There are 2 protein chains.
Amino acid sequence: MNDAIKRYDVVGIGNAIVDILAYAEKTFLEKNKLPIGAMTLVNEKRAAELYEKMGAATECSGGSVANTVTGIARLGGRAAFIGRVSDDQFGSIFRHDVKSENVHFPTAPCKTGKATARCLVFVTQEQNRFNPEGPVTRVERTMATYLGSCTELHADDVDAQLVQQAVVLFIEGYLWDGPDAVEAIYKAVHAAKEGGTKVAFALSDALLVERHKETFLDFIANHVDILFCNEHEIGALLGEPDIRRQLYRAKELCELAVVTRSEKGSYILQGEAIHNVDAERVEEVYDVTGAGDLYASGFLFGYVSGYPLEKCGRLGSLCAAEVVKFLGARPVTPLTTLIDKL
Amino acid sequence: MNDAIKRYDVVGIGNAIVDILAYAEKTFLEKNKLPIGAMTLVNEKRAAELYEKMGAATECSGGSVANTVTGIARLGGRAAFIGRVSDDQFGSIFRHDVKSENVHFPTAPCKTGKATARCLVFVTQEQNRFNPEGPVTRVERTMATYLGSCTELHADDVDAQLVQQAVVLFIEGYLWDGPDAVEAIYKAVHAAKEGGTKVAFALSDALLVERHKETFLDFIANHVDILFCNEHEIGALLGEPDIRRQLYRAKELCELAVVTRSEKGSYILQGEAIHNVDAERVEEVYDVTGAGDLYASGFLFGYVSGYPLEKCGRLGSLCAAEVVKFLGARPVTPLTTLIDKL
């Protein structure tokens with residue numbers, strides 16, 4: 001794991017997305033048939049219609065794995081990202097934000113074709129589950145994603161050498177929604193196997209898991225070393241609502257599995273060992289967008305640094321707690337102080 | 001003032017700008033010759049160079065008067081805005097955010113020419129002046145503005161009838177940096193005079209005032225009914241650093257003048273009367289971008305609602321306090337609750 005000759009700690013491959021965040025009422029989500037707390041794919045027309053109805057918004061770079069790798073870079077890790085933007089203003093924002101975090105980002109933008117992907121994030125108000133006695137704060141996010149130029153990610157965009165220069169290759173489940181990306185993924189995992197690069201995989205979203213259940217089970221069994229998921233996603237994958245039985249079966253899926261459970265903390269499963277890690281208590285949760293992504297940042301940074309697994313999970317919890325304090329999926333604070341906290 | 005036949009409470013005319021906000025170190029500002037706390041105009045090339053060096057950012061719609069009119073709409077007021085964006089993604093963001101606040105925005109975007117204006121906002125860390133014993137929070141903002149399509153605002157974009165349908169026409173000093181906008185301003189103020197619309201004017205920025213001192217003095221004397229400024233701006237206009245003497249002379253500039261002083265509150269001057277209004281205490285100031293703009297929202301909403309002047313200032317203070325709690329120049333919370341607070 002502690003591979004001194006590797007140039008990067010983590011190379012991520014994922015959808016390159018600009019998030020458009022606004023507050024919304026739950027009734028708005030119901031009226032517009034957006035499943036609360038989940039990600040729904042929309043075409044360009046529907047994205048425009050929803051945006052038209054959306055409140056005044058804030059734009060931030062997003063994308064699940066992109067959030068994770070920028071988090072790793074903020075922790076002081078060496079990170080790279082593979083993903084497709086277009087040659088438009090949103091593409092410039094995304095490129096700028098990734099590069100300004102010192103993440104190596106070699107993928108060329110598309111000069112023609114679809115616009116840069118955007119994700120309409122509707123943040124709804126709910127009682128803060130971390131602080132049930134406290135003020136009502138915003139904690140749930142519901143997403144409508146237009147994939148745009150992300151669907152133009154091809155195997156050619158994957159530099160096998162870059163993958164092999166990393167200790168870990170991190171892949172998001174969301175990629176399976178762009179059909180051509182699958183070829184890129186397989187090129188990446190084969191390169192990883194040849195180069196001794198560990199493969200980490202995030203299940204991304206419960207509804208997505210429903211769409212690709214069999215493929216994911218097969219992919220995990222054959223290619224994944226480290227699995228990231230939350231309790232809903234693992235439930236969807238295994239068709240198993242009971243957490244105890246989920247954990248029992250998740251252990252058999254791959255050598256290392258991490259199941260996050262929001263304010264209830266996380267489980268880390270390796271062989272026969274189960275580590276239960278507490279969540280970091282947050283006084284006022286402002287927006288949960290990116291919490292899972294940043295948990296992965298902390299965990300993977302710990303993993304490549306050779307921390308014991310429980311400490312990896314602890315850093316994951318601290319990073320997740322940091323991002324929920326602000327609107328947006330990437331922390332605005334330096335994360336290196338969190339390492340000192342451990 | 002309580003003009004039932006007017007269709008709008010306030011019509012604003014100003015630069016239509018998308019803000020790009022990021023945290024920065026003071027040394028960065030010094031190295032890049034950006035005067036701390038002020039607005040510097042930059043050309044497209046320099047804007048690109050500075051953006052390249054800027055940290056990961058968040059994009060929000062901005063523009064001083066645009067912030068004010070969206071604040072008025074959030075308070076429940078009827079607002080309209082005149083300003084020029086381009087037909088690009090940033091232009092779409094700006095248009096969306098203004099319209100989604102129910103602000104009437106009839107100005108057509110430029111189909112050719114320069115891109116939509118952007119303002120690089122560098123938020124620097126400083127001791128919170130409201131809470132000197134508390135944690136260090138971000139309170140200062142330094143701006144580099146590329147005016148882009150704002151410079152394409154012409155007299156043709158000003159609908160005289162729209163101006164006359166408003167109780168107040170609100171103009172920002174920043175407009176004087178786009179040479180062709182002056183014609184548009186004069187068309188607007190002449191329409192206002194004919195239609196019995198009051199003219200409010202914000203000095204915008206101390207360095208800007210230095211650039212246009214004589215013009216501003218003349219404009220205020222001949223066209224302005226309500227003047228908004230902070231202590232630095234009025235100091236620059238009058239060449240007078242002493243606050244007592246500033247107030248004495250400001251009273252003579254126009255029938256109603258408001259001087260804001262951050263955590264020290266504000267002065268409202270009318271005839272021989274001086275009202276001293278306290279600032280609202282804020283536990284943790286996060287970003288002062290938009291504080292002055294939102295003060296004007298509260299004040300003008302109170303003014304068109306027929307509130308006594310002190311109550312207008314109090315609502316201004318409450319609105320300003322609301323926007324400094326978040327990153328960005330427009331509040332994300334409903335402001336109507338602030339009216340109940342009065």
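**How two chains meet**

Visitor: In this predicted model, how many residues of chain B are in contact with chain A?

Guide: Contact here is judged from C-beta atoms placed from the backbone, lying within 7 Å. By that test, 21 residues of chain B touch 22 residues of chain A.

Visitor: Which elements of chain B each supply at least two residues of that side?

Guide: Look for strand 4 (58-61) and helix 4 (89-99) of chain B. Helix 4 of chain B gives the most, with 5 residues.

Visitor: And how do the residues on that side of chain B divide into nonpolar, polar and charged?

Guide: You will find 9 nonpolar, 7 polar and 5 charged residues on the side of chain B that touches chain A.

Visitor: In which sense do strand 4 of chain A and strand 4 of chain B pair?

Guide: Pairing is read from bridges between two strands. Here, strand 4 (residues 58-61) of chain A and strand 4 of chain B run antiparallel, with 3 bridges between them.

Visitor: What rotation superposes chain B on chain A?

Guide: A rotation of 180°, with 0.0 Å of shift along its axis, places chain B on chain A with an RMSD of 0.0 Å. This is therefore the relation of a two-fold axis. Within chain B, Glu59(B) has the C-alpha nearest the axis, 2.4 Å from it.

Methods:
Residues numbered from 1 in each chain as written. Chains lettered and ligands numbered in written order. Predicted model: local features only at pLDDT ≥ 70, side-chain atom pairs only at ≥ 80, totals over all residues. Contact = placed C-beta atoms within 7 Å. Helix = DSSP H or I, 4+ residues; strand = E, 2+ residues; numbered from the N terminus. Nonpolar A, V, L, I, M, F, W, Y, C, P; charged D, E, K, R; others polar. Least-squares fit on C-alpha atoms with pLDDT ≥ 70 in both.
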